[in-house]
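Student: I've got a model open and a few things I'd like to work through. Can we go over it together?

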Amino acid sequence: MSKEIIIIGGGIIGLCSAYYLQKEGHQITIIDKSDITKGASFVNAGYITPSHIIPLAAPGMINKGIKWMFNPASPFYVKPRLNKDFLQWSWAFKKSSTKTNVEKAIPVIKDINLLSRTLYEELKTVKEFDFHYERKGLLMLYQNEKSGEEEWKTGQRGISEGLNVKLLTKEDVKQYEPNIDLNIKGAIYYDSDAHMTPHEFMRDMMSHLKSKGVIFYTNEEVQDVKYSNQTISQVQTSERILNADEVIISAGSWSPLLTKKLGIKIPVQAGKGYRINVHRNTGIETPAILIEAKVAVTPMNGFTRFAGTMEIGGINHKINPVRVKAIAKAATSYYNNFQIEDSEIKSADCGLRPCSPDGLPYIGRTKSYKNLTIATGHAMMGWSLGPATGKLVSEIVSDKKPSLDLSPFHPDRTF
Ligand SMILES: Cc1cc2nc3c(=O)[nH]c(=O)nc-3n(C[C@H](O)[C@H](O)[C@H](O)COP(=O)(O)OP(=O)(O)OC[C@H]3O[C@@H](n4cnc5c(N)ncnc54)[C@H](O)[C@@H]3O)c2cc1C
């Protein structure tokens, strides 16, 4: 049966949900408070990440966070605040940072990433889509032996999960980066990963959805949601009131502000990250993570993107020049004879990753409402998990058997 569905938030999660829901024959309206290009989905590193099997909430992260709190250039920063939501989230993060939880999360993260990669590859074959997608794997470049050993442990865990992971010497890395002299000791290479140029996919997806009759209301903020008897009936924006059979909340880091209006608590904190685009030939051919600096380097279509930093500091888009410069400095430190220019640093942008406390997204219905689906909390993997999330959302709404077990993603889970 065709339903009138309102999707709140037109980032990668909202657009992919619209794609699969529309294919099921539903009538879709997407509402976004920006022109859609302001969310995290436009500034990310574009990685498809089966390699990222370890969630952020892992043993040792709290200690690292405390240590890094006093370093203005650190790649991970938690701003201490006397805010109830933040304090509850921090407590839940601490409780989730155990070896047992990490072990439970590993196959879940791997499976949803692999499903999403397959779906991206399927989408790439759709005639009107012309977005950049390449499967070249991911290099984890390291400068000191200790971090190399740590990453290799993760790599070996990946191998036991069926991923193809290799330990490379500095000499071996040359076959992946023939044009560049690297200041590294070695690398761990994940063959599983792919990369994209995010704005191209967003552009193609938006025009495809428009051609299929999906309605977009942009620069309109959802201000209220009307409900009775556990059923949402209307969504009110700054411009209009819309009726709905089903509502999807995919508003990224802003999602808790909307669920609060419905009396539901979805713990999400914004994790700010920055990107610098370099529109010159850098010679970089293979996507890499500079492990010690936690900087992602992606050769996109026509430019190279350097992205990094995780600042848990509330919802704001203030750019901290010290952290942006630290990203540029890291690039010079790993790629010899390469420098990011001041003008490139000045045009840096940022985005907010919607972070759940246990590193798993929320995908599913809450028991409080019959016609509400939550799809958020994807943190560092939201780009990678867009299509898989969209497909799961459409299966939930269409009462179909989900492609994956949804229980680890339950929005009502407690921490
Ligand atoms: C620097 C950086 C690098 C990253 N690299 C990667 C990567 O390589 N791979 C990966 O998988 N992920 C990566 N990520 C994470 C990824 O970008 C995010 O997880 C993902 O974009 C989240 O998508 P989303 O659709 O949930 O949210 P968003 O893209 O933030 O979209 C949410 C939308 O909701 C709208 N909205 C909010 N409130 C309302 C309201 N009340 N009414 C109407 N609209 C509303 C907003 O305007 C926004 O457009 C990175 C993130 C950053 C910042």
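This is a predicted model: local features need pLDDT of at least 70, side-chain atom pairs count only at pLDDT 80 or more; totals for chains, interfaces and linings use all residues.

Student: Okay, then is T282 buried or exposed?

Tutor: T282 sits in the loop between β15 and β16 (288-290). Its relative accessibility is 11%, and the limit for buried is under 20%, so T282 counts as buried.

Student: Which residue's side chain makes a polar contact with the side chain of T282?

Tutor: Start with the contacts of T282 beyond its neighbours within four places in sequence: they are I180, F338 and T304. A side-chain polar contact of 2.8 Å then picks out the partner, T304.

Student: Let's move to the second largest pocket. Which class has 12 residues in its lining?

Tutor: That pocket holds about 540 Å³ of space, and 28 residues line it, with D85, P256, I266, P267 and V268 closest to its centre. Helices α3 (84-96) and α8 (255-261) and strand β15 (269-278) each supply at least two lining residues. By class, seven of the lining residues are charged, nine are polar, and 12 are nonpolar.

Student: And the ligand: which residue has a backbone N or O atom 2.6 Å from one of its oxygen atoms?

Tutor: There are 36 residues around the ligand, and D32, S41, V222, A379 and S384 come nearest. A polar backbone atom of V222 is 2.9 Å from a ligand nitrogen, while a backbone N or O atom of I13 lies 3.2 Å from a ligand oxygen. The 2.6 Å distance to a ligand oxygen belongs to S384.

Definitions and conventions:
Residues are numbered from 1 along each chain as its sequence is written. Side-chain values use heavy atoms; hydrogens and water are left out. On a 1 Å grid over the protein atoms alone, a cavity is a set of points where a 1.4 Å probe fits but cannot get out, and a pocket is an open set with protein on both sides within 12 Å along at least five of seven lines; lining residues have an atom within 4 Å of a point. Grid points are joined across faces, edges and corners, and a volume is the space filled by probe spheres set on the points. Helices (H or I, at least four residues) and strands (E, at least two) are DSSP runs, numbered from the N terminus. Ala, Val, Leu, Ile, Met, Phe, Trp, Tyr, Cys and Pro count as nonpolar, Asp, Glu, Lys and Arg as charged, and the others, Gly among them, as polar. Buried means under 20% relative accessible area, exposed over 50%, partly exposed in between (1.4 Å probe, protein chains only). A polar contact is a pair of N or O atoms within 3.5 Å; within protein, one must be able to donate a hydrogen and the other to accept it, and residues adjacent in sequence count only if both atoms are side-chain atoms. Contact means heavy atoms within 4.5 Å. A residue is near a molecule or strand if one of its heavy atoms lies within 4 Å of it.
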